[in-house]
Structure formats: structure tokens, C-alpha cells
Amino acid sequence: MTIVIFKDLKMRIMRYLYVFCLSALVGFTACTTKQKNDNAQPAAEYADAEKSEPSADVKFPVYDFDGLEPLLNKDDNKTYIINFWATWCKPCIEEMPSFEKTYAEQQANGVELVLVSLDMPTMWKSRLEPFVEKKGLKGKVVILDDPKMNDWIPKVDENWGGGIPATLIYNKDKRVFFEHGFTYDELNEELNKFL
Amino acid sequence: MKALKTTGLVMLALLVFAFTAKSVNLDAGYDIGDQATDFSLKNVDDTMVSLSDYDEAKGFLVIFTCNTCPYAVAYEDRIIALDAKYKPLGVPVIAIMPNNTTAKPGDNFDAMKTRAQEKGFTFPYLLDEGQEIYPQYGATRTPHVYLLEKTDNGNMVRYIGAIDDNYQDAAQVEEKFVENAVDAMLAGEEIEVTTTKAIGCSIKA
């Protein structure tokens, strides 16, 4: 009997989840239609990009995880927002304006924004640079180029499954990690706990 | 009598706890040792494919992958190589495309057919129509591999994670996670690394 009841409860929870996801989806499609062309042939796009050599003169610092790690562990008086993203990651692109807006508003309060790009080497010149320029990103863009993901993902946060967008907020006293996207309000709610 | 009632209530509460805890776990997807669900999904050749179709199989490499994710694309040739190596040994690749095709038209069924033909996929490439299978497995990104072992109790999850430790360059791979797991499983040995993590493209709900 109990089993039946709880199966039913589980079904109900699942149903709520579906409804929630569905409504989230409706919100997303509004943004995604704009990038439809982008979407239609990314595989082909990538195949083209594959032929070009990754350029050494990319504008942003390129780190392996050892190189990036100090940026994740500063002990000055600032609060750091570390956002893991990539140009091919649609939810990352969608949340980017919220991060930039928050950074513009909170920079004077000692907040720093670091945008850690996980774009592939073949995309640095062809996609990443044009994107950062077009959007006029003010956050500090760095590239993490370290294929040993299974080694470094748990070092960022042991519960990180590897999904992006993912965001770490920390200062010298505490740190929190999120494996999901943010709205402007959600980001500020979390950030305010540090300020 | 009252004591009996209290004991009954406590036991009920424990039972409730046990079941709710269990269902939360299930919702989050499979752990190592869980029994994986079978499915009936449409293949790019317009037939329906289920794990139960494979009478002779010793296991399966169920791989959630897609057309549009750069990581998935980077691994296509290695997925074909896995199928070539392990299908004859009884562990075929079964690829499932989990994305919402309205949100990602580049992953729709026609695009899947085209990609399978272009790359010469030697394995089924199935559409998770209605997106009901990937949440049960707990797949979150592409490519996301589940190694299943066929047993008398069903298809048991033996490995979850990445194919190997270098998405950029197959020649630079140091640890072939999936191959090591399948080899150990077929040899009846304990699988050393049962879960791995990798950056991937989030599956679009």
C-alpha cells in the first residue's frame, strides 16, 4: 500500500518537474530562435574549424588547471565570481548579460568577474575572440585548456558533474559552487551573501 | 496495545523514509550496480530498437550523444571504434540522442539520419522521443556513457562517465576509461574506475 502511495507521489513530483521544465523551455525557445542558423550546422562548423590551426596569438591568457588554480583561491579582500562557459553553450550565453550587469554594478564593492572559457583551441580565434569583442565583455576572460577533465573538475568542486554553465563565488572566508545557470536576481541574491 | 500502535507508526515512518529516500535517488539517475531500464526507441533506419532485441549480447555501451555538441563530434570516430572493437565481443554500442529537437533542430531525426550516414555509424542511433529515457539514466551531458552488463537480474550499470581522458586528441589519451571498464567486465574482473567526469554539452530538456 505504502509503495503504491509513494509511487503515486513520485509520479506527481515528476509531473511537476515536467511542467516546470516545459515552462522553462518556453522561456528558452524565445531566445534560441534568434540563433537558429547557428544551431542548424554546428557540426559542420566545427568540422571546418578543425582544419585551422589554433592560433598562438590568441588575446586571452591560456591556462592548464595548475595555471588557473591561483585565480580560484585568492585571499585578498575581494569577492570573485568565476563563471565556466563556452561560446557553444547556449545557456552560458544567455546568462552572460546578467553577469556583466552585476559586475558593472558591483565592481566598486570589490567584486571581480572571471569568465573561464572552455572553448576548444580551434574555436579561440574563430568564435571566442569575435564573441567577446561583439558583446564587449568587461569580465576578465581566460581560457582553460586542460583535457584531463576527470582530474581537475573535482578540484573546482567535488560535486561538479561537468555541466556548464557553472559558477563559483568565493572570497577569503567562504565559497559556493553552482552547476546551473543564473538570472540576474538569483545571481545577486547569492552574491549579496558575500558583500 | 498502545505500544504496538507506536511501534507500528515508527515502522511506517521508517518505511516511508526508506521509500522516499530511494525515489529521490532514482530520480537523480543510476548509480553503479543499479538495474538499467530497457526502451523501445526509433533508429535512424526507421526500425524500433530495444536492448532485449540483442539475445547474444553480454552487455551494452549505451552512449548519449548528439550531432551538435563539439565534444560529441570530437568523439564520433572513437565511438565507431568502440563499436568495431566490442560488438564482436558481445558489447555493442547503442547511441541515443537525448536533446529536445525543437530547441536544437540540428539534432532532429532527419539531421540524425544525415549524420549517421555521413559518418557511417555502425550502431543504432536512436531518438529519445519524448525525452523519457535519458532522465531515468541520469544522463546530463553529451557524450555520456553507460556500460551495462547483461545478467539474470537485468542490465546492470557497471560504468558511468567519459570515453577517455582526452577529448581533444585521441593520440594523447592516457586512460581509456570505457575500454578498461569493458575489458575488466568481460574478464570477470573488478572495474577499477567506475565513474568519471567530463565537461560536456548539457542535454537540452
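1. The mean pLDDT of chain A is 80, with 71% of its residues at 70 or more. Residues 1–5 of chain A have pLDDT below 50, and beyond near neighbours in sequence that stretch makes four contacts in the model. The pLDDT is also below 50 over residues 19–52 of chain A, a stretch with 34 contacts beyond near neighbours in sequence. Where pLDDT is low, the predicted coordinates should not be read in detail.

2. Make-up of chain A. Chain A contains eight helices and six strands. Read from the N terminus, its elements follow the order α-α-α-β-α-β-α-β-α-β-α-β-β-α. Of the 195 residues in chain A, 29% are buried. Taking contacts in chain A between residues at least 6 apart in sequence, 77% link residues at least 24 apart.

3. The sheet of chain A. The six strands make an open sheet with mixed pairing, in the order β1-β4-β3-β2-β5-β6 (chain A). Its edges are β1 (62–63) and β6 of chain A, each of which pairs on one side only.

4. Strand β2 of chain A and its two partners. Strand β2 (residues 79–85) of chain A runs antiparallel to β5(A), joined by five bridges. With strand β3 (residues 111–117) of chain A, β2(A) pairs in the parallel sense, over seven bridges. Helix α5 (residues 90–106) of chain A lies across β2 and β3 of chain A, at about 155° to β3(A).

5. Strand β5 of chain A. How many residues of strand β5 (residues 166–170) of chain A are buried? Four of the five are, and the strand is mostly covered. Besides its pairing with β2(A), β5(A) pairs with strand β6 (residues 175–178) of chain A in the antiparallel sense, over four bridges. One bridge pair there is Leu168(A) with Phe177(A) in β6(A).

6. Make-up of chain B. Five helices and ten strands are assigned in chain B. Chain B has 205 residues, and 43% of them count as buried. For contacts in chain B between residues at least 6 apart in sequence, the share joining residues at least 24 apart is 72%.

7. The sheet of chain B. Eight strands form an open sheet of mixed pairing, ordered β1-β9-β8-β4-β5-β6-β2-β3 (chain B). The edge strands, pairing on one side only, are β1 (35–36) and β3 (48–49) of chain B. Strand β2 (residues 41–43) of chain B is antiparallel to strand β6 (residues 125–127) of chain B, with two bridges between them. Lys42(B) has Leu127(B) as its bridge partner in β6(B). Helix α2 (residues 70–86) of chain B lies across β4 (59–64) and β5 (93–97) of chain B, and runs at about 150° to β5(B).

8. The nonpolar core. Which residues have the most contacts inside the largest nonpolar core? They are Leu61(B), Leu147(B) and Val178(B), in a core of 91 residues. The element that gives the most to this core is α2(B), with eight residues. In soluble globular proteins, nonpolar side chains tend to be buried together.

9. Leu61 of chain B. Leu61(B) belongs to strand β4 of chain B. Why does Leu61(B) count as buried? The cut-off is 20 or more other C-beta atoms within 10 Å, and Leu61(B) is buried because 24 lie within that distance. Setting aside residues up to four places away in sequence, Leu61(B) touches Leu82(B), Tyr86(B), Val91(B), Val93(B), Ile94(B), Val145(B), Leu147(B) and Val178(B). Leu147(B) and Val178(B) are also named with Leu61(B) among those with the most contacts inside the core. Between Leu61(B) and Val182(B) there are 121 residues of sequence separation, yet the C-alpha to C-alpha distance is 8.7 Å.

Conventions
Residues are numbered from 1 along each chain as its sequence is written. Chains are lettered from A and ligands numbered from 1 in the order in which they are written. Two strands pair if DSSP finds at least two bridges between them. Two residues are in contact if their C-beta atoms, placed from the backbone, lie within 7 Å. Axes are lines fitted to C-alpha atoms, for helices over the stretch in contact, and angles run from 0 to 180 degrees between N-to-C directions. A residue is buried if 20 or more other C-beta atoms lie within 10 Å of its own, exposed if 12 or fewer, and partly exposed in between; C-beta atoms are placed from the backbone. A nonpolar core is a set of buried Ala, Val, Leu, Ile, Met, Phe, Trp, Tyr and Cys residues joined through C-beta atoms within 7 Å. pLDDT is the predictor's confidence in each residue, from 0 to 100.
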